[in-house]
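The report below describes a single protein chain for a reader who works with coordinates. Please look over the sequence and the model first, and then read on.

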Amino acid sequence: MKSEEIIEEYIRLIEKYPEENRRGAKRVQSYLDHSALYYQRHSTSRFYALQIPKVFTKEQIAAFEKITETMHGICCKVISEYLHCADYRKLFPFSKELEELILVPNQYDGLLPMARFDIFYQEDTGKFYFCEINTDGTSAMNEDRIFNEALIVNPAHQRMLQKYSMKSFELFDSWADTFLELYQTYEKAEKGRLPQVAILDFLDNGTIHEFEEFARHFQAKGMLCAVCDIRDVSYRDGKLFTPQGMQIDAVYRRAVTSDIMKRYDDAEPFLQAVREQNVFLAGSFCTQIIHNKWLFYILHLERTKRFLSDSEAAFIEEHVPRTGLLEKSDDFTELIANKDEYIIKPLDLYAAKGVYAGVEYDDAAWRGYLEQHASKDYIYQKYCPQYRTKNIDFVTGDGSVQNYINMEGLFCYNGKLAGIYSRMSAGDIIVSYKNERTVPALVLQGNRKDNI
């Protein structure tokens with residue numbers, strides 16, 4: 001069965017029972033509004049508002065698994081080359097302070113414990129293009145969990161479950177297991193003893209409820225786990241401590257590297273423990289090599305192709321958009337003449353902040369953004385084809401069928417696909433704080449009955 005056929009079945013049920021589904025949409029929204037989906041005092045659930053979840057076939061999941069494993073392998077080769085070759089390090093835009101942190105050995109078996117590979121996936125052909133890669137602070141596991149819980153009050157989905165078996169992804173226990181497996185390879189791990197774990201971020205900028213959910217799953221596996229502000233930990237006698245005095249053996253780092261570098265002095269006790277290699281850190285600072293958007297430029301260089309296999313080089317050529325640094329010296333002729341084919345992004349921000357796509361602006365406005373952001377740590381990139389699927393919005397829309405662009409985030413836990421973060425938008429790009437519509441991701445397991 002194809003994805004579009006599943007969508008058409010949802011639409012048929014919604015159109016057959018419109019008032020039932022309109023009422024159900026309000027119940028879903030109420031469920032989300034009273035859930036843990038809050039970020040910086042506002043609810044991310046306001047971006048939900050769509051009635052049809054993303055249901056992937058087993059064949060599509062197999063394709064996502066291959067994409068994840070291939071890209072993870074390439075990323076680990078890039079990190080390794082950076083760590084071992086000074087000439088390669090010079091190609092990256094990192095400060096001396098950051099480079100020193102990146103070069104601190106992590107002392108466990110794994111260079112990229114967690115990532116989310118965001119892709120534009122063409123469901124009809126199987127073609128795909130990478131949008132970006134998140135490592136530090138990879139998030140949204142709690143969104144997928146709660147959105148899936150909300151499906152219990154979605155009438156069309158409940159009717160679909162009478163005919164089809166569907167499965168959601170589990171993203172919390174699986175990470176706790178992965179984290180523990182990596183810790184057990186850590187050179188300084190005390191054999192036979194579970195680590196005491198701290199989840200660290202700048203809590204005024206963190207998704208606290210998600211951290212607390214992870215902490216519950218760590219604790220359920222027998223590990224003491226605390227959620228702490230990275231500025232509040234202390235370091236003495238070669239050991240890192242929470243404000244409450246718990247010794248920290250292992251850190252699940254949610255603080256993104258760019259935030260740490262901006263508040264470098266505030267995080268000094270944590271950084272000292274890292275420099276002196278006295279704490280297990282997942283992920284270590286070498287993940288920044290992959291997190292920075294300059295990676296897409298690096299991947300296309302002949303210097304990178306030297307250590308990739310032919311199949312990996314072909315994978316990059318086909319699926320990673322061409323990227324360049326936006327320089328003040330550029331005349332922008334190519335970018336303006338073909339503005340609909342380009343997008344510009346900051347090198348190291350997140351949540352789609354500061355992203356501009358030429359397709360959304362006229363020539364004058366587009367040139368203005370190019371000139372405004374040139375030589376300010378911005379890249380230009382080929383704009384990837386967007387795949388659109390049908391969906392219905394009863395909450396902020398009129399309940400009619402509309403087309404939405406899609407982006408899939410492939411959660412990668414130590415090289416393996418762990419789940420999918422699925423987002424949509426009625427516009428030409430997906431901006432988390434502006435037009436994003438998150439929908440729950442499911443896998444079709446098979447038929448239950450032949451009728452509903």
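Gln-277 is partly exposed, with a relative accessible area of 24%, where buried stands for under 20% relative accessible area, exposed for over 50% and partly exposed for what lies in between, using a 1.4 Å probe and protein chains only. Gln-277 lies in the loop between α11 (268–275) and β13, and its phi is near 55 degrees, a positive value in a residue other than glycine. Helices (H or I, at least four residues) and strands (E, at least two) are DSSP runs numbered from the N terminus.

## Basis of the model

This is a predicted model, in which local features need pLDDT of at least 70 and side-chain atom pairs count only at pLDDT 80 or more, while totals for chains, interfaces and linings use all residues. Residues are numbered from 1 along each chain as its sequence is written, and side-chain values use heavy atoms, with hydrogens and water left out.

## Overall fold and surface

The protein chain has 17 helices and 22 strands, and its C-alpha trace spans about 65 × 60 × 40 Å along the principal axes. For 452 residues, a compact globule would have a radius of gyration near 22 Å, and the 22 Å of the protein chain agrees with this; the radius is taken over C-alpha atoms, and the globule rule is 2.2 Å times the number of residues to the power 0.38. Of the 452 residues, 57% count as buried. Among contacts between residues at least 6 apart in sequence, 75% join residues at least 24 apart, a contact being heavy atoms within 4.5 Å.

The accessible surface of the protein chain comes to about 18,800 Å², of which 47% belongs to carbon and sulfur atoms; such areas come from the Shrake-Rupley method with a 1.4 Å probe, and for residues only the protein chains shown count as cover. The mean positions of the 55 positive and 68 negative charges are 3 Å apart. In that count Lys and Arg are positive and Asp and Glu negative, with His and the chain ends not counted, and the place of a charge is taken as NZ of Lys, CZ of Arg, CG of Asp or CD of Glu.

## Cysteines

The count of disulfides comes to 0, a disulfide being a pair of cysteine sulfur atoms within 2.5 Å. For Cys-76 the closest cysteine sulfur is that of Cys-75, and because the distance is 7.0 Å, the two are too far apart for a bond. Cys-384 likewise has its closest cysteine sulfur in Cys-131, at 7.2 Å, which is too far for a bond. Cys-76 is buried, with a relative accessible area of 17%, and Cys-384 is buried as well, with a value of 6%.

## Backbone exceptions

Most residues other than glycine have a negative phi, and most peptide bonds are trans. The peptide bond from Ala-282 to Gly-283, by contrast, is cis, with omega near 0 degrees, and Gly-283 is found in the loop between β13 (280–282) and α12 (288–291).

Asp-237 has a positive phi of about 55 degrees although it is not a glycine. The residue sits in the loop between β9 (234–236) and β10 (239–241), where Asp-237 is exposed, with a relative accessible area of 76%.

## Pairs of residues across the chain

Which residues does Tyr-82 touch, not counting residues up to four places away in sequence? They are Tyr-88, Arg-89, Phe-92, Phe-94, Glu-99, Ile-102, Leu-103 and Ile-289. Tyr-82 belongs to helix α3 (residues 58–84) and is buried, with a relative accessible area of 0%, and its C-alpha atom is separated by 8.8 Å from that of Cys-286, 204 residues apart along the chain.

Thr-185, in the loop between α8 (173–183) and β7 (197–201), is partly exposed, with a relative accessible area of 30%. The C-alpha atoms of Thr-185 and Tyr-108 are separated by 5.2 Å, although the two are 77 residues apart along the chain; leaving aside neighbours within four places in sequence, Thr-185 is in contact with Gln-107, Tyr-108 and Asp-109. Ala-36, in the loop between α2 (18–33) and β1 (38–39), is partly exposed at 25% relative accessible area. Ala-36 and Asn-106 are 70 residues apart in sequence and 33 Å apart in space, C-alpha to C-alpha, whereas the contacts of Ala-36, leaving aside neighbours within four places in sequence, are with Asn-142, Ile-146 and His-209.
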